[in-house]
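Student: Could we go through this structure together, one question at a time? I would like to see how each answer is reached.

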Amino acid sequence: MATTYTIPVGPVHVGLKEPVTAWLELDGERIVSARVRPGAIHRGIEFMARERNPIQVIYLSERICGICSFSHVLCFIRAIEDLASLSVPVRAQYIRTLVLELERIHSHLLWAGVACYTIGFDSAFHLGMQMRERVMDVLELLSGNRVNYGVATFGGVRWDVTPELAKAVRETIRYYRREFAPFREIVMEDPVAQARMRNVGVLTRDDAVRYSATGPTARASGLRVDIRQSSPYEAYADIPVEPIVPQDYFDTARGDVLDRFAVRVLEVYQALDIMEKVLDGLPEGPFLAEPNLNKVLASLKKAEGTGWGIIEAPRGDDTHIVRLKGGEDNVCWWKVRAPTYANAVSWPVMFQGNELADAPLIINSIDPCISCMERMMVTDGSNAGIVTKEDLLKRCRQKTFDLKAGKFPGGFNGFKGETKR
Amino acid sequence: MITRILPQLWRQFCSRVVTNIFPAAHMPPSLTEALSDPSSPPNPPVPVGGRFRGRLHYDRSKCIGCRLCVKVCPANATDYQAAEKKIVIHNDRCCFCAQCTEICPVKCLTMSETYMISSYARKETIVTDSGPLSAEPKA
Ligand code: SF4
Ligand code: SF4
């Protein structure tokens, strides 16, 4: 007799930060196979972009992701700059690189903290969150905002790096060099944390290639992939970046959650080095090619073509493709491929043979961003029809009335007698 | 790893608080009463500064009604009033990107430092005129 049974983890689950469902087939506590079903948080951002001009879409793209907001903005802006052949001053390229690396630190620290929280190591979680405050403060100093910075614009950046700001960034670099080591040691040398993360959620090198993993997920499996090295953009052309892979630092790349942790921790140190080089080499000059927004808008209205932007976001490769039509104000179409989309495909492989209790850790180990990933919905068309906002409101009210009157949808008739007061 | 975490714990114990201080040390029995009690003012929020972007400040008399701010607003927060050739700003929609302040040719839009903008009445979140710039009270 078959002894497997299926349980869902998600879409709403204490261990998950964003809604995604993993249907796990279990034999006892062991996961035999898994099926991942996204689809709970599609927002239709591309559709909204078609009613907006490129300048407005900058701020829309910022809201694709709350953590790597600058990566998406920059990716979109680079796509537009690609199609309209706009040039960017060198100083602006350096500032963009600086913000990208600050964002990488902020994203990796957040992830490291949350990973500790997922394994129940709350003191390390608080330590991680406390350290993250520092980079958030610098980002606020730079842009006036803690998350959606609004720093980049077509042909440059909107705010300069002043000498005081450069000083604050340098101080932050010193702070992390000093303070980050204890956090790393507390987690990575802790026997319990090691037991929870070692050989859990393994993605072998071959599987990482087969399922096109990107970013830290791929690097933790031993693949030397990093767009900052293979196709440098902005200031990475001047600042060489070596992909961080575990086999260079430890004996071998196992591709488990601890390796993913190590890769991200080491990338924080790498980001500190890059930031230092950016500040050392920050060239003088303008930071915005064309400060007159009207001229920018007019030139984008004339522009026609398809542009690409591909960058290394903290979670992996982020790709934006944009099309503008000559003579039209608004974006014609826009395609976003967030890194989670590539990494989520490997989930079922990672789940195999692990225990149910590790499922949230495995899901979180690729640093998923489900709302960035869900870019389209497919229906079979059998219930085709348009529901307006008014309809939805009416249906919602009707449902409340029905529930109040004791009519439950789906054949469920309430708790007979016992819990009714 | 007790040897690693103990010094950290000790430092946490002695160092200053990291986050912003709560308005009150304990939840008072009545929040509204406690807030309006002049004898024990709540802990003030941390000051903002630098490039902080808060509620929009709109100098209506300077506005020339060119509608450029409406054109770049990503959140459709600026509303053009054709009759008066002026705008109003719906702060509940504004995403504080400051794009309108950059494009405005007469610079009658600026970002203030006010951030306590939630309100029970939707009308209170609409900026129609905040007067000339110097009259702006700091939050
Ligand atoms: S700050 Fe941005 S969102 Fe707010 S009104 Fe100005 S352009 Fe619109
Ligand atoms: S851009 Fe300035 S002048 Fe033009 S309508 Fe807006 S607020 Fe008025």
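Tutor: Gladly! Helices (H or I, at least four residues) and strands (E, at least two) are DSSP runs, numbered from the N terminus. This is a predicted model, where local features need pLDDT of at least 70, side-chain atom pairs count only at pLDDT 80 or more, and totals for chains, interfaces and linings use all residues. Residues are numbered from 1 along each chain as its sequence is written, chains are lettered from A and ligands numbered from 1 in the order in which they are written, and side-chain values use heavy atoms, with hydrogens and water left out.

Student: How many helices and strands are there in chain A?
Tutor: We count the DSSP runs of each kind. For chain A the count is 18 helices and eight strands.

Student: What is the radius of gyration of chain A, and what does the globule rule give?
Tutor: The radius is taken over C-alpha atoms, and the rule is 2.2 Å times the number of residues to the power 0.38. Along its principal axes, the C-alpha trace of chain A spans about 75 × 55 × 45 Å. Chain A is as compact as a globular protein of its length, because for 421 residues the rule gives 22 Å, close to its radius of gyration of 24 Å.

Student: What share of the residues of chain A count as buried?
Tutor: Buried means under 20% relative accessible area, exposed over 50%, and partly exposed in between (1.4 Å probe, protein chains only). Of the 421 residues in chain A, the buried share is 54%.

Student: How many helices and strands does chain B have, and in what pattern?
Tutor: Chain B has four helices and five strands. Along the sequence, their pattern reads α-α-β-α-β-β-α-β-β.

Student: Is chain B compact or spread out?
Tutor: Its C-alpha atoms fill a box of roughly 70 × 40 × 25 Å, taken along the principal axes. For its 139 residues the globule rule gives 14 Å, and the radius of gyration is 21 Å, well over that. Chain B is therefore more spread out than a compact globule.

Student: How far apart are the mean positions of the positive and negative charges in chain B?
Tutor: Lys and Arg count as positive and Asp and Glu as negative, while His and the chain ends are not counted. Each charge is placed at NZ of Lys, CZ of Arg, CG of Asp or CD of Glu. Chain B has 17 positive and 11 negative charges, and their mean positions are separated by 10 Å.

Student: Back in chain A, what should helix H3 span, and how far apart are its end C-alpha atoms?
Tutor: The expected span is 1.5 Å times one less than the number of residues. H3(A) covers residues 69–84, and its 16 residues should span 22 Å. The end C-alpha atoms agree with that, being 23 Å apart.

Student: Why is H3(A) said to be largely enclosed?
Tutor: We look at how many of its residues are buried. H3(A) is largely enclosed by the rest of the structure because 13 of its 16 residues are buried.

Student: How many residues of H4(A) are buried?
Tutor: H4 runs over residues 90–118 of chain A and reaches 42 Å from its first C-alpha to its last, close to the 42 Å expected. The helix is mostly covered, and the buried count is 26 of its 29 residues.

Student: Which residues does A:Ser107 touch?
Tutor: A:Ser107 lies in helix H4 of chain A and, at 1% relative accessibility, counts as buried. Contact means heavy atoms within 4.5 Å. Leaving out residues up to four places away in sequence, A:Ser107 touches A:Ile67, A:Pro314, A:Arg315 and A:Asp367.
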